[in-house]
Amino acid sequence: MADSKGANPILDDTYTYVCASSELEEDDLIEFETGEETFVVGRGEGNVYAVEGICTHAYAELADGELDGTCLTCPLHFACFDIRDGSVLEGPAETPLRVYGAIEMDGSVWVSTKRG
Ligand code: FES
């Protein structure tokens with residue numbers, strides 16, 4: 001991972017470099033960790049989004065699921081979340097996912113560890 005944020009004021013200290021934009025194609029999911037938190041970053045309908053990486057229903061890594069547009073489907077029991085706001089679109093999960101700030105800039109994807 002790169003550690004240079006340049007002098008861009010939008011990228012404060014809460015942002016972490018995730019990947020090059022070219023590595024995150026439409027409907028791709030990438031997992032990354034900072035400290036004890038796991039995130040999943042996805043590109044849906046052209047935009048990048050970040051949510052917590054572990055399903056709120058039971059233990060499943062959401063990066064192993066599927067993103068179709070903005071619907072993130074858990075690989076274990078197939079709950080569906082809206083990756084834009086973390087809301088549950090279809091059970092069995094009942095609790096929304098935490099949402100984090102995600103920015104695409106100068107060919108790179110960055111995620112804030114601060115909740116969006
Ligand atoms: S663990 Fe994700 S729906 Fe059950």
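Start by colouring the chain by secondary structure: read along the sequence, this predicted model follows the pattern β-β-β-β-β-β-β-β-β-β. In numbers, that is 10 strands and 0 helices.

**The whole protein**

Keep everything displayed for a moment. The protein has 116 residues, and buried residues make up 31% of them. Now think about who touches whom: among contacts with a separation of 6 or more, 39% are between residues 24 or more positions apart.

**Into the core**

Next, select Val41, Ala50, Ala102 and Val111. These are the residues with the most contacts inside the largest nonpolar core, which has 28 residues. Which elements give two or more residues to this core? Select β1 (15-20), β3 (37-44), β4 (47-52), β9 (99-105) and β10 (108-115), and you have them on screen. The largest share, 4 residues, comes from β4. As background for this stop, nonpolar side chains tend to be buried together in soluble globular proteins.

Stay here and centre the view on Val111. What does Val111 touch, leaving aside residues up to four places away in sequence? Show Tyr15, Thr16 and Val18, then Phe39, Val41 and Ala50, and finally Tyr100, Gly101 and Ala102 to see its partners.

Now select Asp27, in the loop between β1 and β2 (29-34). Its phi is positive, about 70°, although Asp27 is not a glycine. Is Asp27 exposed or partly exposed? Asp27 counts as partly exposed because 16 other C-beta atoms lie within 10 Å, which falls between the limit of 12 or fewer for exposed and 20 or more for buried.

Then move to Asp106, in the loop between β9 and β10. Here too you will find a positive phi in a residue other than glycine, this time near 50°. Is Asp106 buried or exposed? Asp106 has 8 other C-beta atoms within 10 Å, so with a cut-off of 12 or fewer it is exposed.

**Last stop: a cis peptide bond**

Finally, select Gly91 and Pro92 and show their backbone atoms. What kind of peptide bond joins Gly91 and Pro92? The bond is cis, with an omega of about 15°. To place Pro92 in the chain, look at the loop between β8 (88-90) and β9.

Conventions. Residues are numbered from 1 along each chain as its sequence is written. This is a predicted model: local features need pLDDT of at least 70, side-chain atom pairs count only at pLDDT 80 or more; totals for chains, interfaces and linings use all residues. A nonpolar core is a set of buried Ala, Val, Leu, Ile, Met, Phe, Trp, Tyr and Cys residues joined through C-beta atoms within 7 Å. Two residues are in contact if their C-beta atoms, placed from the backbone, lie within 7 Å.
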